[in-house]
Each structure stands twice: as structure tokens, then as C-alpha cells.
Amino acid sequence: MAESAVDRLRRLLADVADLRGAAFLLTWDQATHMPPGGAAARARQLALLKQVAHERFTSPALARALAAAERELDAIGAPDGGIERDLVRITRRDLERDAALPATFTRTFNEHLASSYQAWTEARPADDLARMVPVLERTLDLSRELAQHLGPAEHVADPLIARSDHGVTVAQLSALFAQLRARLTPLLRAVAAAEPPDDGFLRGPYPLAAQFAFALERVREFGYDTRRGRLDPTHHPFAIEFSIDDVRITTRGRDDDLREALFCTFHESGHGMYHQGLDPRLEATPLADGTSAGVHESQSRTWENRVGRSLAYWRYAFPLLRDTFPQQLAGVDEIAFHRAINAVRPGVIRTQADEFSYDLHVIVRFELELDLLAGRLAVADLGEAWHERYRATLGVAADDDRNGALQDVHWFSREIGGAFQGYTLGNVLAAQFWQAAERDLGDLDALLASGDVASLSAWQRTNIHRHGRRVDPLDLVERVCGGGLDPEPYLDYLATKARDLFGVSLDADEGGRRP
Ligand code: ZN
């Protein structure tokens, strides 16, 4: 029997997915086991695999196969919402997005970004923002050009945001972030003024191998499947997938800080479980991925913060931790531990921020990005603007650019615009999904305290993971939560945490504060 058009399309898409999976395997190896001498050859190998995958995806053969599959589905009257319809819809969307970019533009931009990243790795330790100003100016021009290629939009950043958070716009985000800022600023101020907890016992020393083993045991209980994954140490933790049945996570740790390995591992396990939870029928297709950066981050934040920084979970897990480190944790109970891992000290580093400050770091970057793209801020003034925003928003400022405008890799390794909103969308969505899970499962704290963490990951698999990219992010939120983006569950969660942990509650009347 002749191969159907949809099967032919699937076969060509599987080749592309496997080439990308092979490139991801090289990336994983580069970040975990590769000796430094392998760097030059690895860069060539990665570039070649990505190029071949791109050529296969944008080939005339694949375009013909896609068109034939669309005709075939029309001819047989395939229903909307079926997996084949979703496959051709998302493949068409990806192809159009790729086709909008001239090959010469993509090559120019990628070459520029490679040299920008290289310059940043030297400029940041040297605290040399001046060196990066002309580089960033060029990145900004190319980012605007990228947005133009991607199509007309209300705001220049909209097409850039759509690449990672489909359907989300600057207008929506500006309203959402304004609400968050109005409520988080006074909450942070109040929490930071409270008596800081004793967290000296977190400094150990704690042997790293025992920390990693403990963290791995916990994420296996969450539902991260080590028959289809593994955990390795690295410098900048990430999750990466070569197929639905091989999804790796990485972590890092410090022997003088018990938090790092725990929360990095919990975070990455959330990303990893998302991929492991995809419907197996999506294997080796463009549907086999998270639906957006924000939804992906909501899964990692759920395990890192909602579970990992909750008292309920540590009522179950703290005795296990104390059994692992009996000397270091002698005389400490779960209540003291919970207070210590939630200590609030407003600082200048986003990745070290507590839950009360984290989104303000993101909002500062998002607003600076928009100002740069809209031409309201010159790159030459970025360094000072960064410090001013920090003083105004978080009440602290770095005394150098290394921990200011040079802090994050994002603007130096990719386009400016579209990178940061996903982190805060993740926090907001994690709270909305948590509320929906409680509606279905009952009191989640009671489940966690009893050591039942698997019910939550099973719920995520059914309601979120298995769909992959078949359901667009805002449609998923509507389907699972019965509404749109809503900061209230998240703000409620933080307000409750501030009250329970620090005895802080805000007056009802001013500054956007709530009763
Ligand atoms: Zn993440």
C-alpha cells in the first residue's frame, strides 16, 4: 500500500527531529563531560547538524509533503483538533516563521551573536560595559529587523515575544506587570524589614555527592523517570531532550550552601517531567515540545517553589534530609528549615532572588528591553538606566556593570526582546495551575505533607504535559483554569506566605494593595 501523505510528512519531520536530537546530545555532552580541548571541533559539529536540520526542515520536499498532507486531510474530512490536523497546523506555522527570514539575514545575525557572546564572556569579568555598547547597538538594530521580518505588529517586541510565548503581547504583559509591580513593591519592602531568620546551618559543609543523591531521590518521587533520564552536574543547569524517552536534567551545587543543588534540581525536574509527560504519539514531530516558555517555566517553578519552598512538603521530606545530614542539621526542625530556605534579602542578582523579589528583577529587564526597542533609551545610557531602575524598584543597586547591565547572558547571545517575560509568566501560571489542581485533587498541602507528590505530577501530565504544542498557551490556560492570565492567585500565594512566615500584612487601601 502506498504511503499516505501524512505518513510521508511524519517521516521527513522525524529526520529533522532526530538531527536536532543529535545536536542536543552534543550540547549536553559539551556542558557535562566534554574536556576543554573538544570545544573547537564541537562548535563545528553543532553548527553543521543545526544547518542540516534547518535545510531539511525548509526543503522543497518537506513543503510539498506538508501541502499534500493538508490536501489529504481535507479530502478525508479529518476533524479539527485531531492529532494530524494539529501536526500540519503547527508545522505550517513553524515553516512560515522560518520562511519569513532571509537566509543572509539569519547568517549575519548568528555570526554577530556568536562574536557578541564571545566578547561578553570577556567583558563581564572585566566589568567593561563600554566594550559591549557598539556590539549591543548592532544587536538592537538586528533585533528590530528581525521583528520586521516576522511581520507587522502593534509593538515592535510583539513578534519577538510570540516566538517563545505565542499569543502574548506587550499590551497584555504591560498590564499584568503593572499589577504585579504595584503589589509586590510594598510587599517586598515589608518582608525585607522583618527580622531575618537564622540560616547559618545551611552553610554546612555539605558533601556534594550526598546532596545530589538526595535531590535525585526526591525528584524521582516527584515523577521524574530515571529510566528515561539522568542527572549530571554542570555550570549553568538546564533540561534537554533527545526524544520523549531520553530527557536529561543537570544541576549544580555548593558544599557551603544546601539550597543550590536542591532548588536547581527541583526546578529542572519540572522542565524534564514536562517532556517525559508528552503523549508518545508526538514523538519526533514539531508537536513534541512545551507549548511556550511561560508554561514550561510554570512547571519548573511549581516544583522549585510551590512544592520545594513549602512547609507542607518539608513536613514530609525534612526528616529524610536530616537522616542524610544528621550532624549539620542537629537541633534543626522543619519549621526552622522552612524559614531559612525562604529568607528574604533583596539583592542585585536575578538568579539568586527570593520569591518576593524575583519578578521585580524580570520587570526591570522587560521594561528596559521595551525602551531600547522603542528607541526611548540609548544603549550608551543602559548602564546607568539599569542602576536607576534597580534603586526605584528593588531599593538596591549594584556598584558595577558586571552585576548590572552585563549580568545576564540573554542580550548578548540572542535578540533583544522576548526572553524575560517567560520567567514571570511562569510564576503567574504556576499559581493558576496550582489552584486548578486543588480544585481537582483537594488540599495539595495535605497531600504533600503525607509524602504524596506523585498525584500532582500525574495531574500535570494529564492536564498540561501530554498536549505538547497541540494546545496553544492561552488556550491551555483557558481550558485548565477557565479564564485568561490572572495574577491574583500568585499575589494571594505570596501575601499568604508573607503573613505566615514573616507576620506581614498590608493595609487594604493604597498603592494597589489588596485587602
Ligand atoms: Zn527554567
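Predicted model: local features only at pLDDT ≥ 70, side-chain atom pairs only at ≥ 80, totals over all residues.
Why does Leu13 count as buried? Leu13 counts as buried because its relative accessibility is 2%, and buried means under 20%.

Leu13 sits in helix 1, which covers residues 5–32. Leaving out residues up to four places away in sequence, Leu13 touches Phe57, Leu62, Leu87, Thr91, Ala284 and Pro286. Ala65 is 52 residues from Leu13 in sequence, and the two C-alpha atoms are 9.9 Å apart in space.

Next, the metal site. Which residues coordinate the zinc ion? They are His267 and His271, each through NE2, and Glu297 through OE, at 2.1 to 2.4 Å. Written as a pattern along the sequence, the donor spacing is H-x3-H-x25-E. This site links distant parts of the chain: His267 belongs to helix 10, residues 258–276, while Glu297 belongs to helix 11, and the pair is 30 residues apart. His267 and Glu297 are both buried.

The structure has six cavities of 30 Å³ or more. The largest cavity holds about 60 Å³ of space. Among the residues lining the largest cavity are Asp165, Val168, Ser292, Gly294 and Val295. Three helices each supply at least two lining residues: helix 11 (293–307), helix 17 (421–441) and helix 20 (473–481). Which helix gives the most to this lining? Helix 20 does, with three residues. Sorted by class, the lining has eight nonpolar residues, two polar and one charged.

I will take the second largest pocket, which has a volume of about 490 Å³. Its lining is made of 19 residues, and those nearest the centre are Ser310, Asp445, Tyr493, Thr496 and Asp500. Two or more lining residues come from each of helix 11, helix 12 (311–324), helix 13 (334–341), helix 17 and helix 21 (488–502). Helix 21 has the largest share, six residues. How do the lining residues of this pocket divide by class, and how many are charged? Nine are charged, six are nonpolar and four are polar.

Technical notes
Residues numbered from 1 in each chain as written. Heavy atoms only, no water. 1 Å grid on protein atoms, 1.4 Å probe; cavity = no way out; pocket = protein on both sides within 12 Å on 5 of 7 lines; lining within 4 Å. Points joined across faces, edges and corners; volume = space filled by probe spheres on them. Helix = DSSP H or I, 4+ residues; strand = E, 2+ residues; numbered from the N terminus. Nonpolar A, V, L, I, M, F, W, Y, C, P; charged D, E, K, R; others polar. Donors = N, O, S within 2.8 Å, 3.2 Å for Na, K, Ca; no water. Buried < 20%, exposed > 50% of the residue type's maximum accessible area, 1.4 Å probe, protein only. Contact = heavy atoms within 4.5 Å.
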